[in-house]
Amino acid sequence: MTQNRDFFKAESVDEQVDQFSLSFLDEPGTNQAQTETRRVKEFSTQDQIEHRQNASMRLVKELQAYYQVEHQQNLGILEHAWGRIAAHLPANHASAQVQNTFLSSPLLRSSQARIRTMQSQPSTDHSTGRKISRSVSLLAATLVAALLVGMLVAVLALGHNHQSNTVAAGKTVTPTATPLPVGSVVYTRSLHTGTNVYPFIAWSPDSKRIATVVFNQQSQKAQLQIWDATTGGHLLTVPLADNLAGDELLWSPTGKYLVLGNLLTQAIIDSQTGSIVNTLTFTTTTVSSTSVTSQSLLSSRIPSGGGFGFYSVAWTPDGSSLAVAVSSLSRGIVELINPLTSAVQATFSTPAYRIGIAMAFSSDGQYLAVSYPNDSKIVVWNVSTQAIAFQQDDYQAETIAWQPSTHHLARALVFPAETQVWDISSQKLLKTYAGVTAFTWSPDGKELAAYTSFIGGPGQPNAKTNEVVIIEAASGVQVALYQSQHRSIYTVSWSPDGRYIATAEASSAGNQIVVWIA
Amino acid sequence: MELSQKAAADDSLVAKLYERHSPALFAYLHHQTGSPENAEDVLVEVFVAALETSKLDQLSEKEQVSWLWRVARNKGVDAYRRSQVRQGLDLSLVADHIADHERTPELIALQREASRLLHTHLDKLSPVQREAVRLRFAHGLRSSEIAAVMGKQEGAVRSLLARALNFLRALYEKEQGETHL
């Protein structure tokens, strides 16, 4: 296909599709057809225009017909969702207004009408300013994101120039560790086709074993796998009951147990035998039936719509207790639990925040931090008194982690893409790492392994998903770069002895876990 | 769930925001949560939060849009943790933001009936192109919105959409025997 035969142009593709969409809706509207003819005159001679237009119009019509069922389904969902939102209004006048837009017009038309109002038409539309500001805002968001990525690239480039020096300096810390350069792959553990890896990897505290959970799509069964961390040799496979497929897998600091679980169940598993030694169950009796989403016919299943259950777990640094963020109707609490008896040892309360998505103990066990991104809060408790020591507003962090041996809390945001480190004792911002959306601390706290959050989204249009950058924490300078052969990296986990990093990676051929020199 | 007086005064603002931004937010959440049901739940949570916040009317429109996307993103993350992860994550599908969303067999059958030919042609597009075309026609989104949903630059979306349509159009012409063009 040659360039001059391309009817649809990148700069006007939206408008071109709109033109034909509208003519489809209004057919046999001759006026529309005439307008189009005028608009596309510049492209070619009249004869060709008609042929091209016919083919293009047919294509757009066909596409609309092809997607019409899905489109109507989507509009139906939007309408239904608005009904649910409107139920939260004190009076229903506003809801009626908007509902009409969706209900009274033919579905395709209402969508097209919406699209039309978004076009900027300076001569006739008085609210152009707002509409432009809308596209400007998107553009601005994109630019800001691009700038942040650019800054990261700049930092990386800078780091690259200094790489040999810094690495040499860094290596004096662990001179006997290994002769292999950082990023050298020790082994790759490939998973069978159709087997997915959960986005977590747990190292045993002695760095000798690695555990993860894999899910076989054909059998729909999950299993816990434990293997020799240095050779990749298989040690243990534990088939998991359906209710145990987990959100999180953590090795206890004593090395004896693993905790694996999801919203409703957390199982304490013996790491040597694979047997379940205790199970914590979220009791639905505490869940009131007046769920926020109970009006939805589509979402009657608790807990997927309600926000109840165990949202995150963490071992205390001495391994004696398990902290569990429990979300219920009105608020979230954190309970410190004896992992073997389920006895509650302490309770940490929040003012009103519900869903604690990330949780971490400072390495000395003095502080416990929980991020409530939906409420834009990070709460830090003093563990011994259960009093709130520090609270950050306006931070929607999915990842939080204490710098080892300090009271510095790092939190990663995807939008804007940055990681900040706060000193909790002085309540001061210490550092910002631009462009870092996910990270893990090195065990000595001197470095961070930074990567791109697998959740992604509008904040990161150009972020590289197949790289891990090792950043020197104090200077923010890149000291090493690991580039995967595979398309994407989802999880990065540093071995407790600091020598290796394990990454869960995906390629078109399947998923694998790669262990490399840190 | 108590509504403040403030929020009551804001309801027309939220309605306006919903009308304008819900299709793109829904498409994004559908993508993030993996099912239309979960996407609807999260969309409701986002706009109920918008009703309950007292600060939305003090923001510029740009900030309001950014607020909505931020909340949607975070709630999407939450929903994602609640549902998809527990069933195992096909990492390779999430990789390029190109997951072919759950389509029911009936839906596929209906679409097939609507155009067998087009179905064959759509299969020839790259997954990314197909996703952009789907967001355009099944969600009614414009390039800037598709860009936000797919995490790409608007210019890139415009190009790939134009390329996809030209490609389909060429195939179409060929099938119809209009090879003289």
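Good morning. I begin in chain A, where A:V469 has A:L481, in strand 26, as its bridge partner. What we are viewing is a predicted model, in which local features need pLDDT of at least 70, side-chain atom pairs count only at pLDDT 80 or more, and totals for chains, interfaces and linings use all residues. Residues are numbered from 1 along each chain as its sequence is written, chains are lettered from A and ligands numbered from 1 in the order in which they are written, and side-chain values use heavy atoms, with hydrogens and water left out.

Let me stay with this region. Strand 25 (residues 467-472) of chain A pairs with strand 26 (residues 478-483) in the antiparallel sense over 5 bridges. Strands here, like helices, are DSSP runs numbered from the N terminus (E, at least two residues, for strands; H or I, at least four, for helices), and two strands pair if DSSP finds at least two bridges between them. The two strands form a hairpin with 5 residues between them, and A:G476 in the turn has a positive phi of about 75°. Strand 25 of chain A also pairs with strand 24 (residues 447-451) of chain A, again antiparallel, over 4 bridges; there A:E447 has A:E472 as its partner. Of the 6 residues in strand 25 of chain A, 5 are buried, buried meaning under 20% relative accessible area, exposed over 50% and partly exposed in between, with a 1.4 Å probe and protein chains only.

I turn to another sheet in chain A. It is open, with 4 strands in the order 15-16-17-18 and antiparallel pairing. Strand 15 (358-361) and strand 18 (387-393) stand at its edges, each with a single partner strand, so one side of each is left without a neighbour in the sheet. From one strand to the next, the twist averages 15°; the axes are lines fitted to C-alpha atoms, for helices over the stretch in contact, with angles from 0 to 180 degrees between N-to-C directions.

Now to chain B. Which residues does B:N74 touch, leaving aside its neighbours within four places in sequence? They are A:P373, A:N374, A:Q396 and A:E398, where contact means heavy atoms within 4.5 Å. B:N74 lies in helix 4 (residues 61-82) of chain B and is buried, with a relative accessible area of 1%.

Two further helices of chain B deserve mention. In helix 3 (residues 36-52) of chain B, 15 of the 17 residues are buried, so it is largely enclosed by the rest of the structure. Helix 8 (residues 127-138) of chain B is likewise largely enclosed, because 10 of its 12 residues are buried; among them are B:R134 and B:R136. B:G140 follows helix 8 of chain B and has a positive phi, near 65°.

Finally, the core. The largest nonpolar core has 69 residues, of which A:F8, A:L63, B:L43, B:F47, B:L122 and B:V133 touch the most other members. Such a core is a set of buried Ala, Val, Leu, Ile, Met, Phe, Trp, Tyr and Cys residues joined through side-chain atoms within 4.5 Å. Helix 3 (residues 46-86) of chain A gives the most to this core, with 13 residues. Beyond its neighbours within four places in sequence, B:V133 has contacts that include A:L63, A:Y67 and B:L122.

Key:
Expected span 1.5 Å × (residues − 1).
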